[in-house]
Amino acid sequence: MADHEINGTEDEVQDKKQKKQTKHDGGAADLERVTDYAEEKEISTANISSAVEQFGNQRQKEDELKVAKEMELQKVQVKKEDIELIMNEMLISKMHAEKVLREQRGDVVAALEAIIAN
């Protein structure tokens, strides 16, 4: 009877191992089904160079716009006293005060409001 209990227990252990094996095999089969549909695509050098060229063109356009904006701001007349007033009131550098004042077309009040808003 002891042999039967031991054999019975061994059979149960074998059944459990077999169920685990089947469960894992099913997961592997599912994974293979999913990966079967994935297509590998090669990236051509023409596509890469085209994308790099587009980024370069975009950067060049942005740089041109930035230079044009700076040139436009340089045309705005600002008073030295206004720059000093903004520097002293807001405790900022001369370059920053002058830039904000030029962006606001020389309007001191608007420049102060712009600095406060940021």
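## How α3 packs against α5

Helix α3 (residues 80–90) and helix α5 (residues 108–117) pack with their axes 11 Å apart, at an angle of about 30 degrees. Helices here are DSSP runs of H or I with at least four residues, and strands are runs of E with at least two, numbered from the N terminus. The axes are lines fitted to C-alpha atoms over the stretch in contact, and angles run from 0 to 180 degrees between N-to-C directions.

This is a predicted model, in which local features need pLDDT of at least 70 and side-chain atom pairs count only at pLDDT 80 or more, while totals for chains use all residues. Residues are numbered from 1 along each chain, and side-chain values use heavy atoms, leaving out hydrogens and water.

So α3 and α5 are roughly parallel to each other (angles under 35 degrees get that label). Who meets whom, with contact meaning heavy atoms within 4.5 Å?

| Helix | Residues in the contact |
|---|---|
| α3 | Asp-82, Leu-85, Ile-86, Met-90 |
| α5 | Val-108, Ala-111, Leu-112, Ile-115, Ile-116 |

These residues divide into 8 nonpolar, no polar and 1 charged. Nonpolar covers Ala, Val, Leu, Ile, Met, Phe, Trp, Tyr, Cys and Pro; charged covers Asp, Glu, Lys and Arg; the others, Gly among them, are polar.

Now for the whole chain. Its secondary structure comes to 5 helices and 0 strands, running α-α-α-α-α from the N terminus on. Of its 118 residues, 13% count as buried, meaning under 20% relative accessible area with a 1.4 Å probe, protein chains only.

Methods
Parallel < 35°, antiparallel > 145°, perpendicular 65-115°, else oblique. Contact = heavy atoms within 4.5 Å. Buried < 20%, exposed > 50% of the residue type's maximum accessible area, 1.4 Å probe, protein only.
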